[in-house]
Every structure is written in structure tokens, then in C-alpha cells.
Amino acid sequence: NDEIFRTQIELFIDEGNLEEAREVFNEIHPPYSDESECLNAEIFMEEGEKDKALAILDELLERTTDTDTLIDMAKLY
């Protein structure tokens, strides 16, 4: 279930366990939801991969209309 994976990823990010967060993200199968893509960007940001994170966020900005996702994206920007 995508929602369970996203919750696990959020917990791992909050704990600073980026390796586990990345492993759980890799368990999600494409196509990714906008919420999952936003978490992927957050993992990249935390890993110091700012360019990869911004590329994902820029793509999401063009297609998402979900208010919660937009708020999460704004926090990352």
C-alpha cells in the first residue's frame, strides 16, 4: 500500500535514517503518486542531492493541484 510506504518513509526521514527511507521508496512501484515523488525529493534534499530534488519539485509544480502536496513542496523549496 502506497500510503503505508509513504508513512514509513516520513518516519525514517524524521529519524534521520535516509538509507532506510531510500530503501522503502524503492519498494514503491511506478507510476509514483505526487505525494511519493515529493517524498523522493525530500530524501534527495536530505542526502545533499539538491539538483535532483529541485528537478522533481519543478516537475511536480507543473502538474499537481493537491494542496497538501503543494504545501509540502513549498517547505522543501
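Biologist: What should I know about the model before reading its values?

Modeller: The model is predicted, with local features needing pLDDT of at least 70 and side-chain atom pairs counting only at pLDDT 80 or more, while totals for chains, interfaces and linings use all residues. Residues are numbered from 1 along each chain as its sequence is written, and side-chain values use heavy atoms, with hydrogens and water left out.

Biologist: Why is Arg 6 called buried?

Modeller: Buried means under 20% relative accessible area, and exposed means over 50%, with partly exposed in between (1.4 Å probe, protein chains only). Arg 6 has a relative accessible area of 17%, so Arg 6 counts as buried. Arg 6 belongs to helix α1, where a helix is a DSSP run of H or I with at least four residues, numbered from the N terminus. Leaving aside neighbours within four places in sequence, Arg 6 is in contact (heavy atoms within 4.5 Å) with Ser 33, Glu 35, Ser 36 and Leu 39.

Biologist: How do you know that the buried residues of α1 line one face?

Modeller: The buried residues of α1 are Arg 6, Ile 9, Phe 12 and Ile 13. Seen down the axis of α1, they fall within an arc of 125 degrees, so they line one face of the helix; the arc is taken from the directions from the helix axis to the C-beta atoms. The face turned away from that buried side carries the exposed residues Glu 3, Ile 4, Asp 14 and Glu 15, whereas what covers the buried residues includes α2 and α3.

Biologist: What makes the length of α3 agree with that of a helix?

Modeller: The expected span is 1.5 Å times one less than the number of residues. For the 13 residues of α3 this gives 18 Å, and because the end C-alpha atoms are 18 Å apart, the two agree.

Biologist: What makes a space a pocket, and which residues line the largest pocket?

Modeller: On a 1 Å grid over the protein atoms alone, a pocket is an open set of points where a 1.4 Å probe fits, with protein on both sides within 12 Å along at least five of seven lines, and lining residues have an atom within 4 Å of a point. The lining of the largest pocket includes Arg 6, Glu 35, Leu 39 and Asp 72, and α5 gives the most to this lining, with 5 residues.

Technical notes: Helix = DSSP H or I, 4+ residues; strand = E, 2+ residues; numbered from the N terminus.
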